[in-house]
Amino acid sequence: MKNILISTGHELKYPDIIRAENCTLHDSSGNIYLDLESGVWCTSIGHSNPRITEIIKEQSGKIMHTGYCYLNPAVEKAAVRLLGITGINEGRCVFLNSGSEAVEFSVKAVNSFSDRPYFLTMKDSYLSAYGISGQRNPEEWIAFDWINNDRIEDIPFDKIAAFVFEPGSSSGLVRFPPLDLIRSIADKVRSAGGLIIGNEITTGMARTGEWFGYNHYGFIPDIAAIGKGLGNGYPVSCAVISEKVLRRLDLNVFHYGQSHQNDPLGAAVACEVIDVIEENNLLLKCRQDGDLIRSALNKMKEKYGIISEVRGKGLMIAVEFENNTSFSYAEKINRELLKNNIILVKRPGYEIFRIDPALTIERKDIDYFLSAMERIISNMKILLPD
Ligand SMILES: Cc1ncc(COP(=O)(O)O)c(C=O)c1O
């Protein structure tokens, strides 16, 4: 693969994956891997989901791409479904291509009419790979450090255009800020005339056992940015804009056009993903599977003392290991898991695993992972360096 540029900053582990099915990846030598990270949180209803394969065939056989001057009923249908599940009932949707783009679109839209100088977000938010939200210029962004107890009283609420709230993603470390804190910030932002943008790129589409991460916090944002799991691996995202924002958005001033905006193929996929989640009751399954995994990991925490914390909601789970001065538990355990062909995310420099499988994960795959974890942790002594 010497012709491919890898610029992600992440190690390339498997250069030869030729096929995938639900939570398994297959290489050309016949090896099968258990994928517990669902392709960076994207394959919400499993790799090669037959319903998605079918809808792609069907929609692309009719029309997959339009352009600025056309619309298609598949896009309207998906918009109606998204307005329904987000609770942003009187709003409008714009379909885009990546999570970064949906966040960036949302921020740019607010910037086009607000004369306030700041956006507010949590210091550990990820937001976007590029643009205003990716760069997060300190002259335009207030980064609230909730972990190190920044004070709410220090936020200049009357100068905040919007609070971009990322529930629980925390740059991939799965930390959900406390309910009271977020409710208090959200209330104060709104009372002072600011808006709330929900960055639901990772927490959306049932990942946390609710449709959206903000459902755990008891409010509906003014704009919801949705991506990743919305396309089950197909690059479609969406900014859902409430009527409150639409009233202020002057479409003679705010222009945002790119070639694949509101494409029928992406919209058809998004609609099918929503149907599959609903028809298979995956919100409930997600909560149950998440509880099962967290409870088993917590038992290991009590029994072996190597794990310091198990956290998360639904199937968005993080396991943090104790710090050890002579070697990294997370690194060693991850290496052993890889020998068992189990893939999860170990962020470099952190003693943390992230586990976020497809919502359709089978019980046998959960059991395989949990028994491998327990075997490896209980054998930790023989893994220790001499
Ligand atoms: C919380 C969060 N927001 C936004 C993004 C950007 O999404 P994308 O990589 O699809 O552009 C990511 C990506 O990991 C993310 O984790």
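For what follows, Ala, Val, Leu, Ile, Met, Phe, Trp, Tyr, Cys and Pro count as nonpolar, Asp, Glu, Lys and Arg as charged, and the others, Gly among them, as polar. Keep in mind that this is a predicted model.

I'll start with the ligand. Its shell holds 16 residues, and the closest are Ser98, Gly99, Ser100, Ser169 and Ile201. By class, that shell splits into 8 polar, 6 nonpolar and 2 charged residues. Which helix gives the most to the shell? Helix H4, residues 99-113, with 3 residues.

Nonpolar side chains in soluble globular proteins tend to be buried together. In this model the largest nonpolar core has 101 residues, and Ala162, Cys238, Val240 and Ala270 have the most contacts inside it. Helix H8, residues 264-279, is the top contributor to this core, with 10 residues. The core also takes at least three residues from each of domain 1 (17-35 + 281-383) and domain 2 (50-279). As for Ala270, leaving aside residues up to four places away in sequence, Ala270 touches Ala78, Leu230, Gly231, Val236 and Cys238.

Last, a sheet. There is an open sheet of 4 strands in the order S1-S2-S3-S13, and the pairing is mixed. Strand S1 (17-21) and strand S13 (342-343) are at the edges with a single partner strand each, so one side of each has no neighbour in the sheet. Between them in that order come S2 and S3. Strand S2 (residues 24-27) runs antiparallel to strand S3 (residues 32-35), and the two pair over 3 bridges. What is the bridge partner of threonine 24 in S3? Leucine 34.

Technical notes: Residues numbered from 1 in each chain as written. Predicted model: local features only at pLDDT ≥ 70, side-chain atom pairs only at ≥ 80, totals over all residues. Near = placed C-beta within 6 Å. Core = buried A, V, L, I, M, F, W, Y, C linked by C-beta atoms within 7 Å. Buried ≥ 20, exposed ≤ 12 C-beta atoms within 10 Å, placed from the backbone. Domains from an automatic or database assignment. Contact = placed C-beta atoms within 7 Å. Pairing = 2+ DSSP bridges.
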